[in-house]
Amino acid sequence: MASIIKELNELVANNVISPQTARDIEGYYAINKEPQGNGLLTIFGSLGAVLVGLGIILIFAHNWDDFSISTKTILAFLPLVVSQGLAAFSIIKEKSSVWKNASGVLVFFSVGAAISLVAQIYNIPGNLGNFLFAWTLLCSPLIYLLRSNAVAVLHIVFATYFATEAGYFNPHQPWGYILLIALLLPYYLQQLKQERNNTTAALNWLLPLSGLIVLGSFLDGAGTFGFLIYLAFAGLLQSIGFIPPFSDEPRKNGYLTLGGLSIAIILIMASFRWVWREVVTDAVPGIPFIIAWLMLYGAGIYFSFLRKGAPKSFEPFRTAAFIFPVIYLIGNFNSLVPSILTNLLVLALGISIIRAGVARFDFATLNFGLTITAVLIACRFFDVNMSFVVRGLLFIGVGVGFFLTNYFLIQKKKSNPKTTNYEN
Amino acid sequence: MKTKHLLIAFAVTALIQLSVPAKMIYDCEITARQGTEYKFKAEPVDPNDPFRGKYITLSFSMENLTTKDTTWLAGETAYIALAKDSLGFAKAAGLSRKKPETDYITTEIFYKITDTEVRVKLPFDRYYMEESKAPEAETAYGEYAGRQDYKPVYALVGVKDGNAVLKDVIIDGMPIKDYVVKKRK
């Protein structure tokens with residue numbers, strides 16, 4: 001590729017092609033420079049580097065008593081300097097993405113190993129959260145400099161690790177997480193525009209998953225209002241899943257699937273009566289929580305207007321997420337009415353998903369709807385006093401329902417073979 | 001971005017990455033070499049860190065401090081002025097929000113026990129050991145603590161300008177890692 005770029009300058013200088021054409025050609029090669037099959041090699045190369053990096057950290061963690069402090073210090077820097085050398089080499093020689101990803105991953109783990117070993121030599125206690133934050137922050141430029149998806153994946157994983165460690169196991173809210181994710185976003189958006197490969201798809205799943213895991217660490221003190229914030233966030237994820245480029249490829253659309261799944265789980269949790277007994281007695285949530293909710297809810301609605309395409313079977317989730325705040329408002333005055341309304345909402349959600357599945361001959365959607373309904377019924381066994389016979393009959397009824405709906409869908413599909421099948 | 005610019009940006013990143021552990025070493029070396037040595041009475045137990053290996057956590061008798069100031073809050077930064085008792089062990093000469101003139105360590109109020117007593121966390125409560133030795137150290141300490149000729153176990157700490165570096169943990173007059181080896185024989 002380097003030789004083509006050099007020739008481009010010559011061609012522009014001799015007025016053979018225009019500077020714009022040269023830029024277009026350069027852009028084309030920037031996107032399509034990887035030969036076929038390199039994708040798999042990049043993934044395995046990066047995985048290999050992850051294992052080597054983790055191995056180095058584990059060997060250091062043994063704590064070699066026989067080595068002097070100066071030997072240990074040299075050992076702490078050795079992997080870092082070597083891997084930095086490899087990364088610099090892959091930049092200078094414009095090596096393939098396999099090189100860049102693997103060397104980037106090695107630098108990532110070497111930084112962690114170096115800090116760990118120095119902390120070990122000098123008995124620095126340091127808390128794990130601060131250590132993870134410093135480590136991830138120090139390696140964040142590598143994502144851009146090496147254009148490495150593997151480092152981007154590690155960045156999300158370690159940012160999540162940091163936030164759970166600092167937020168769930170300590171009293172502080174992990175604001176550093178927002179910074180780390182903000183640092184990644186420009187790269188991620190650029191990747192979405194330029195490339196449609198499997199590692200970008202991995203980011204499409206990891207980012208929403210990370211957000212869902214970490215959100216709770218910010219909600220200390222929010223009480224049951226946390227349900228509303230989580231639901232607004234899940235609704236926002238869904239709305240993002242409805243806009244291009246995510247809406248084009250359901251399988252690479254973690255936003256839609258994880259958002260839908262979270263909405264179902266949160267609503268089923270909120271269908272318990274005890275939740276609403278707490279809502280009635282809970283104090284008014286703090287202003288920051290209300291602002292956070294308004295922002296997430298508003299962003300969800302904003303993205304809804306940008307929607308394009310995407311399977312309609314996911315529509316009921318979003319509707320449920322946007323209706324729920326009304327029920328929550330009623331919950332501030334009464335605990336029975338909102339728990340009945342939430343149960344009806346989940347039931348309506350389950351049934352509409354089943355209908356969407358049947359209408360589109362889509363077994364995944366159909367069974368997802370059936371599962372929601374079945375879980376709702378199972379949950380009611382915990383807080384409604386019912387005879388075992390009735391419970392047993394209900395279970396048998398739901399089980400038979402599973403068989404029958406699937407059976408009828410198969411029959412219907414056989415008689416109508418040309419229908420498309422979306423499996424979300 | 002051109003390769004040259006990329007390389008410059010990478011060089012800056014690499015230098016920053018190298019400077020963090022280097023600065024940690026520098027700070028610790030200065031404190032360990034030039035700082036005053038104090039002995040803190042301690043009790044070791046053995047936990048685990050996923051990245052830094054096995055260590056013994058030290059619990060210090062100096063972590064509970066009495067104070068006339070009733071306004072301390074958990075999480076506040078506090079400075080402990082240091083002095084030595086008649087046996088040469090470290091003792092707290094005062095707890096304040098301002099840096100004292102004498103040797104001191106920077107710490108944080110962990111929680112309030114009563115209005116006049118607070119719990120602090122000393123910033124050198126981890127002593128990293130070779131992975132097989134850390135659990136043995138805990139057991140060895142347990143046995144040693146029950147002995148008739150028990151002498152206080154202490155942490156040897158270098159202190160300078162509020163920084164503290166744990167140099168060694170001494171049990172029965174010898175470094176704990178040597179004591180563990182001696183016990184094996």
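My entries follow, beginning with the ground rules.

**Ground rules.** I am reading a predicted model, where local features need pLDDT of at least 70, side-chain atom pairs count only at pLDDT 80 or more, and totals for chains, interfaces and linings use all residues. Residues are numbered from 1 along each chain as its sequence is written, while chains are lettered from A and ligands numbered from 1 in the order in which they are written.

**Chain A.** I looked up the secondary structure and found 17 helices and zero strands; helices (H or I, at least four residues) and strands (E, at least two) are DSSP runs, numbered from the N terminus. Of the 424 residues in chain A, 40% are buried, meaning that 20 or more other C-beta atoms, placed from the backbone, lie within 10 Å of a residue's own. I also checked contacts (C-beta atoms, placed from the backbone, within 7 Å). Among those in chain A between residues at least 6 apart in sequence, 75% join residues at least 24 apart.

**The sheet in chain B.** Five strands form an open sheet with antiparallel pairing, and I noted the order β4-β8-β7-β5-β6; strands pair if DSSP finds at least two bridges between them. At the edges I find β4 (64-66) and β6 (90-96) of chain B, each pairing on one side only. Direction ignored, neighbouring strands of this sheet are turned by 50° against each other on average. Inside chain B, I followed β5 (residues 77-84) to β7 (residues 104-114), an antiparallel pair with five bridges. B:T77 has B:E108 in β7(B) as its bridge partner.

**Two helices in chain B.** I took α2 (residues 133-145) and α3 (residues 176-184) of chain B next: they pack at an angle of about 80°, with axes 9 Å apart. The axes are lines fitted to C-alpha atoms over the stretch in contact, and angles run from 0 to 180 degrees between N-to-C directions. That makes α2(B) roughly perpendicular to α3(B), a label for 65 to 115 degrees. From α2(B), I listed B:K133, B:E136, B:A137 and B:A140, which meet B:I176, B:K177, B:Y179, B:V180 and B:K183 of α3(B).

**Where the chains touch.** The contact takes 31 residues from chain B and 31 residues from chain A. On the chain B side, the elements giving two or more residues are α1 (3-34), β3 (53-60), β9 (126-128) and β11 (163-171). I marked α1(B) for the largest share, 15 residues.

How values were computed:
Parallel < 35°, antiparallel > 145°, perpendicular 65-115°, else oblique. Contact = placed C-beta atoms within 7 Å. Buried ≥ 20, exposed ≤ 12 C-beta atoms within 10 Å, placed from the backbone.
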